[in-house]
Amino acid sequence: QPYRVAVLIGSLRKGSYNRQLALALQKIAPASLQLEIVEIGHLSFYNDDEADAPPAGYAEFRATIKAADAVLFLSPEYNRSIPAVLKNALDVGSRPYGHNAFNGKPGAVITLSPGALGGFGAHHHLRQVLVGMNVATLPTPEMYVGGANTLFTEDHGFTKPDTEKFMQGFLATFSDWIGRQKG
Ligand code: FNR
């Protein structure tokens with residue numbers, strides 16, 4: 001049985017480079033990983049007043065995360081941090097108190113930006129949040145990916161064999177990491 005990896009994408013845009021990355025990773029993933037995109041755009045802003053009668057979509061989202069063996073975050077950087085839509089999904093998953101859906105999951109982060117810095121700021125903000133949520137985030141390789149606008153072909157491939165090899169290596173390391181965390 002492959003590990004089921006919930007893939008959360010920090011962009012809602014149709015042409016998102018981060019979504020393109022998700023689709024390209026699905027095509028090259030090793031047999032040990034099943035990458036499943038989990039949509040987050042429909043989750044309304046978390047409001048603790050609604051805790052006893054959660055908005056539509058919350059229960060299913062939380063159950064999907066709970067059922068996953070691991071989580072992979074693919075995110076752009078918005079103003080040196082993670083987009084609000086991704087933070088909201090993390091907040092939704094973290095509640096109700098004592099039932100954090102992300103608790104104890106192995107995780108990994110890739111930030112991807114057209115800019116040269118590869119979303120470094122967002123990357124480390126996200127890692128900070130994940131510490132608080134008890135996600136065991138893969139330390140290295142540190143995936144700050146720049147030049148996002150040049151990386152993908154229209155049929156969800158990578159334009160350069162080097163990028164594809166690099167991503168395959170990352171996924172293999174992540175798969176090993178999941179195995180170690182599940183022990
Ligand atoms: C950006 N962008 C951006 N890029 C970056 O490298 N650092 C940043 O701080 C920001 N800030 C930022 C804020 C907002 C509100 C927007 C809309 C965009 C540019 C961003 O990297 C670019 O739009 C990416 O293409 C977004 O990722 P997707 O949608 O292609 O996955």
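Helices here are DSSP runs of H or I, at least four residues long, and strands are runs of E, at least two long. Keep that in mind for the tour. One caution as well: this is a predicted model.

Let's start with the overall build. The protein has five helices and six strands. From the N terminus on, their order is β-α-β-α-β-α-β-α-β-β-α. The radius of gyration is 16 Å, close to the 16 Å that the globule rule gives for 183 residues, so the protein is as compact as a globular protein of that length. Its C-alpha atoms fill a box of roughly 50 × 40 × 25 Å, taken along the principal axes.

Next, the inside. Of the 183 residues, 38% count as buried. Now take contacts between residues at least 6 apart in sequence. Among these, 80% join residues at least 24 apart.

The largest nonpolar core has 48 residues. Which of them touch the most other members? They are Val-5, Val-7, Leu-8, Leu-21, Val-71, Leu-72 and Leu-74. Look at Leu-21. Leave out residues up to four places away in sequence, and Leu-21 touches Leu-74, Ile-110 and Leu-112.

On to helix 2, residues 58-67. Phe-61, Arg-62 and Ile-65 are buried there. They cover an arc of only 95° around the axis, which puts them on the same side of helix 2. An α-helix has 3.6 residues a turn, so residues three or four places apart point the same way. The face turned away from the buried side of helix 2 carries exposed residues: Ala-59, Glu-60, Ala-63 and Ala-67.

What do the buried residues of helix 2 pack against? Strand 1 (3-9), strand 3 (70-75) and helix 3 (84-94).

That brings us to helix 3. Its buried residues are Leu-86, Ala-89, Leu-90, Val-92, Gly-93 and Ser-94. Their cover includes strand 1, helix 2, strand 3 and helix 4.

Last stop, helix 4, which spans residues 120-132. Phe-120 is found in this helix. Buried takes 20 or more C-beta neighbours within 10 Å, and exposed takes 12 or fewer. Arg-80 is 40 residues away along the chain, yet the two C-alpha atoms are separated by 7.8 Å.

That's the tour.

Methods: Residues numbered from 1 in each chain as written. Predicted model: local features only at pLDDT ≥ 70, side-chain atom pairs only at ≥ 80, totals over all residues. Core = buried A, V, L, I, M, F, W, Y, C linked by C-beta atoms within 7 Å. Contact = placed C-beta atoms within 7 Å. Rg over C-alpha atoms; globule rule 2.2 N^0.38 Å. Arc of directions from axis to C-beta.
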